[in-house]
Amino acid sequence: MKPLLTVLTQIHRPAVYVTNSRFLSSGASSGLLPLRDDAPIVGSSRELVQRLGSQVEVRTDFITEKEEAAFLQELESGLKKKRYEFDHWDDAIHGYRETERLRWGAECEEILNRVRSVSFAQGSQLLGPVHVIDLDKTGYIKPHIDSVKFCGSTIAGLSLLSDSIMRLVKDDSPSEWLDLLLSRRSLYILRDQARYNFTHEILKDEESVFNGQRVPRRRRISVICRNLPG
């Protein structure tokens, strides 16, 4: 498998700005309690959230429970043959299994085409294999920027099985950051500046707090699409 990650260590500051109030919880099955007036993105400043508004998206309930089940049916048998690993070639991921998949059943392929249509510019050349990361409940992804050698300007990922918090931190200014609430069955999209100039990470269960509220982190599978470097 080609290396995709480059580790960069960053720090975090308390939340001060919430983008909007259109976030809806993914429901009781996700373990996330309803939030009164929260959005799926909070940040260090109003200016930062506005500046990255078109480059960072979280689309809640992007897939249905039935569609999530279709992915799990295709993935579980292969993942169960692998052991969770607690180190990584560049120390970016802890407690994970991963695979790449080029061919999918009709239902999953239709969903992935939907992901591609809302995430990537028309005519964009996509990285052929879809990257799948199975993160153990005790696992986490450290701050990193996906290698520009193998990935282009956009990353789009489906979140299966669990809610989680993705943190973005500007690589040359740690006081500038965003927290993304990735509810179960949501889609996140990172583009351009958010892709190249900010590290991203998935927080440990014990650190999984969004805008002051605890968000339990369970086993999480992410299904990730990327485009090729332009």
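**Entry 1**

I began with Glu-68, which is buried, with a relative accessible area of 3%. I kept in mind that this is a predicted model.

Next I asked which side chain meets Glu-68 in a salt bridge. I found Arg-185, with an N to O distance of 3.1 Å. Glu-68 belongs to helix H2, while Arg-185 sits in the loop between strand E9 (173-182) and strand E10 (187-191), so this pair ties together parts that are 117 residues apart in sequence. Arg-185 counts as buried too, at 4% relative accessibility.

Glu-65, Glu-68, Arg-184 and Arg-185 are linked in a network of salt bridges.

**Entry 1: other salt bridges**

How many salt bridges does the structure hold? I noted 18.

I picked out Glu-67 and Arg-114, whose side chains meet at 3.2 Å, N to O. I checked the accessibility of both partners: Glu-67 is buried at 14%, whereas Arg-114 is partly exposed at 28%.

I also wrote down the salt bridge between Arg-214 and Asp-205, again with its distance, 3.2 Å from N to O. Here Asp-205 is buried, with a relative accessible area of 14%, and Arg-214 is partly exposed at 39%.

Is Ser-186 buried or exposed? My note says buried, with a relative accessible area of 0%.

I looked up what the side chain of Ser-186 has around it. One of its polar atoms lies 2.6 Å from the backbone oxygen of Ser-183. Leaving aside neighbours within four places in sequence, I listed the contacts of Ser-186 as Val-58, Arg-59, Thr-60, Asp-61, Phe-62, Gly-157, Leu-158 and Ser-159.

**Entry 2: positive phi**

I checked backbone angles next. Arg-185 has a positive phi, near 75°, and is a residue other than glycine. Leu-161 is not a glycine either, yet its phi is positive at about 80°.

I placed Leu-161 in the loop between strand E7 (154-160) and strand E8 (164-170). At a relative accessible area of 18%, Leu-161 is buried; the cut-off for that label is under 20%.

**Entry 3: strand E14**

My last stop was strand E14 (residues 220-226). Seven of its seven residues are buried, so E14 is largely enclosed by the rest of the structure.

I reminded myself that in a regular strand the side chains alternate between the two faces of the sheet. Which residues of E14 lie on each side? I wrote Arg-220, Ser-222, Ile-224 and Arg-226 for one face, and Ile-221, Val-223 and Cys-225 for the other, with both faces covered.

Then I looked up the pairing. Strand E6 (residues 130-146) and E14 are antiparallel, paired over five bridges; Leu-135 has Arg-220 as its bridge partner in E14. E7 also runs antiparallel to E14, and six bridges join them. In that context I noted Ile-155, whose bridge partner in E14 is Arg-226.

Technical notes:
Residues numbered from 1 in each chain as written. Predicted model: local features only at pLDDT ≥ 70, side-chain atom pairs only at ≥ 80, totals over all residues. Heavy atoms only, no water. Salt bridge = Lys/Arg side-chain N within 4 Å of Asp/Glu carboxyl O. Buried < 20%, exposed > 50% of the residue type's maximum accessible area, 1.4 Å probe, protein only. Helix = DSSP H or I, 4+ residues; strand = E, 2+ residues; numbered from the N terminus. Polar contact = N/O pair within 3.5 Å; in protein donor to acceptor, adjacent residues only side chain to side chain. Contact = heavy atoms within 4.5 Å. Pairing = 2+ DSSP bridges.
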